[in-house]
Amino acid sequence: MVGLLLWQKMLNCKVNSATVIILQTKETAFFKQARFSDKSNSLFFLSDKSGKFYDLYNYDLSSKITKKVNSQELNISSFKLSPDESKVAFKVNDSGADFIRIFQLEKNQTLKEQTKPDSAP
């Protein structure tokens, strides 16, 4: 069991309050890069709780349900959501090399991978 102490800004009364979020796992797991969503009442974070790789998860603060966001097997080292949260960019480690992969995001689930822009001069 891992406990994260996070500060959640209460929008309606404009004060900060502490919220303890406890994520239960059957095995030892690491959690990193937790970020609140700008569009929903949720928290995104990376964890290796489902196996040997880091995956992106979404924790809904209302329902207290955690869901894996990426359906693809990726070793995610960092992530960035687009401002409208319709896309997510992953920095993925593949055999020691880092790559950027961008996916459509709908209902906090990755869909189709986006084509990469041509980087040739």
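These questions and answers walk through a predicted model of one protein chain.

Mentor: Residues are numbered from 1 along each chain as its sequence is written. In this predicted model local features need pLDDT of at least 70, side-chain atom pairs count only at pLDDT 80 or more, and totals for chains, interfaces and linings use all residues, while side-chain values use heavy atoms, with hydrogens and water left out.

Trainee: What is the mean pLDDT of the protein chain?
Mentor: The mean is 79, and 74% of the residues reach 70 or more. pLDDT is the predictor's confidence in each residue, from 0 to 100.

Trainee: Which elements have the lowest and the highest mean pLDDT?
Mentor: Strand β1 (residues 2-10) is lowest at 38, and strand β7 (residues 76-81) is highest at 94. Strands are DSSP runs of E, at least two residues, numbered from the N terminus.

Trainee: Over which residues does pLDDT stay under 50?
Mentor: Over residues 1-15. The model has 39 contacts there beyond four places in sequence. A contact means heavy atoms within 4.5 Å. Where pLDDT is low, the predicted coordinates should not be read in detail.

Trainee: What makes β4 and β5 a pair?
Mentor: Two strands pair if DSSP finds at least two bridges between them. Six bridges join β4 (residues 42-47) to β5 (residues 55-60), so the two strands pair, and they run antiparallel. Ser47 stands opposite Asp55 in β5.

Trainee: In what order do the strands of that open sheet lie?
Mentor: The order is β3-β4-β5-β6, with antiparallel pairing. β3 (31-36) and β6 (66-68) each have a single partner strand, so one side of each is left without a neighbour in the sheet. Neighbouring strands are turned by 25° against each other on average, direction ignored. The angles come from lines fitted to C-alpha atoms and run from 0 to 180 degrees between N-to-C directions.

Trainee: How do you know that β8 pairs with β9?
Mentor: Eight bridges join β8 (residues 87-94) to β9 (residues 97-106). At least two are needed, so they pair. Ala89 stands opposite Ile102 in β9. These strands belong to an open antiparallel sheet of four, β7-β8-β9-β10. Its edges are β7 and β10 (109-113), each pairing on one side only. The twist averages 35° from one strand to the next.

Trainee: Why is Asn70 called buried?
Mentor: Buried means under 20% relative accessible area, exposed over 50%, partly exposed in between (1.4 Å probe, protein chains only). Asn70 has 1%, so the residue is buried. Asn70 is found in the loop between β6 and β7.

Trainee: And why is Lys49 called partly exposed?
Mentor: Lys49 has a relative accessible area of 32%, so it falls in between those limits. Lys49 sits in the loop between β4 and β5.

Trainee: What makes the Asn70 and Asp55 side chains a polar contact?
Mentor: A polar contact is a pair of N or O atoms within 3.5 Å; within protein, one must be able to donate a hydrogen and the other to accept it, and residues adjacent in sequence count only if both atoms are side-chain atoms. The Asn70 and Asp55 side chains make such a contact at 2.9 Å. A polar atom of the Asn70 side chain also lies 2.9 Å from the backbone nitrogen of Leu56.

Trainee: Which residues touch the most other members in the largest nonpolar core?
Mentor: Leu56, Phe79, Val88 and Phe90, out of 14 residues. Such a core is a set of buried Ala, Val, Leu, Ile, Met, Phe, Trp, Tyr and Cys residues joined through side-chain atoms within 4.5 Å. β4, β7, β8 and β9 each supply at least two residues of this core. Apart from it lies another core, of seven residues, including Ala29 and Tyr57.
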